[in-house]
Amino acid sequence: LSPALKSFFNAANGVANDPSSIPARQVLTSEAASLSQQFNRLSSKFDELRNQTNSQMQGTVDDINLYAESLATLNSKIATSANRSGNQLPNDLLDQRDVLINKISEKVSISTIPQEDGSINVFIGKGQALVLGANTSKLSLADSSTDSGHKEVVLGGQQISKDITGGELSGALKFRDQILEPAQNQLGQI
């Protein structure tokens with residue numbers, strides 16, 4: 001944008017120095033059109049980046065939900081198996097559970113609390129339950145009340161975007177909130 005702005009103001013100075021010059025006026029209108037196209041190109045790129053970020057966030061949320069459902073199923077199997085065999089826990093199911101927990105933690109920071117029956121509860125954000133035993137809560141994305149292109153992370157009807165830390169989801173949120181939206185705002189102010 002900077003070279004286009006510089007060219008526009010140079011052309012404007014050319015017209016200011018010689019207002020009756022037809023070539024100077026033509027250069028100014030040409031530079032104004034070029035500047036306008038550059039604004040539109042940048043705005044389109046920002047919109048494209050926003051859409052890509054929203055798609056990435058949706059994919060991450062879908063992955064988290066899938067892993068959480070699988071973890072809840074494993075929790076149920078682990079608890080049932082532990083009840084049948086006394087206190088002996090099924091190591092193969094525990095290994096599968098650990099893999100799922102690692103996959104979830106790549107997507108979003110979590111905290112876990114092991115239960116007496118061998119199952120594990122998973123929490124995200126500021127202690128919002130994602131998996132409690134064999135039950136899950138679904139994450140979703142919802143439009144912001146002020147901007148339909150601004151997606152918020154919702155868990156159980158509660159907006160938790162500001163509580164999300166770590167992982168891919170947090171990275172996408174930080175990119176959007178700290179880089180993309182301020183850049184769009186600056187472009188709009190110009």
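## A friendly briefing on this predicted model

F9 is partly exposed, with a relative accessible area of 49%; here buried means under 20% relative accessible area, exposed over 50% and partly exposed in between, using a 1.4 Å probe and protein chains only. You are looking at a predicted model, where local features need pLDDT of at least 70, side-chain atom pairs count only at pLDDT 80 or more, and totals for chains, interfaces and linings use all residues. Residues are numbered from 1 along each chain as its sequence is written, and side-chain values use heavy atoms, with hydrogens and water left out.

**An aromatic pair**

- Rings of Phe, Tyr and Trp (its six-membered ring) pair if their centres lie within 6.5 Å, and planes under 30 degrees apart count as stacked, over 60 as edge-to-face and the rest as tilted.
- By this rule there is 1 aromatic pair.
- The ring centres of F8 and F9 are 5.2 Å apart and the planes stand at 75°, so this pair is edge-to-face.

**The sheet**

- An open sheet holds 3 strands in the order β5-β6-β7, with antiparallel pairing; two strands pair if DSSP finds at least two bridges between them.
- At the edges stand β5 (139-143) and β7 (158-159), each with a single partner strand, so one side of each has no neighbour in the sheet.
- Strand β6 (residues 151-155) pairs with β7 in the antiparallel sense over 2 bridges, and V154 stands opposite Q159 in β7.
- Helices (H or I, at least four residues) and strands (E, at least two) are DSSP runs, numbered from the N terminus.

**Two packed helices**

- Two packed helices are described by the angle between their axes and the distance between the axes.
- Helix α3 (residues 91-107) packs with helix α4 (residues 167-189) at an angle of about 5°, and their axes are 3 Å apart; axes are lines fitted to C-alpha atoms, for helices over the stretch in contact, and angles run from 0 to 180 degrees between N-to-C directions.
- That makes α3 roughly parallel to α4 (under 35 degrees; over 145 is roughly antiparallel, 65 to 115 roughly perpendicular and the rest oblique).
- In α3, S105, E106 and K107 meet G167, E168, L169 and S170 in α4, where contact means heavy atoms within 4.5 Å.

**Two serines to find**

- S43 is found in helix α2 (residues 22-84) and, at 31% relative accessibility, counts as partly exposed.
- S43 and L187 are 144 residues apart in sequence, yet 7.7 Å apart in space, C-alpha to C-alpha.
- S20 is found in the loop between α1 (2-17) and α2, and counts as exposed at 56% relative accessibility.
- The C-alpha atoms of S20 and P114 are separated by 82 Å, with the two residues 94 apart along the chain.
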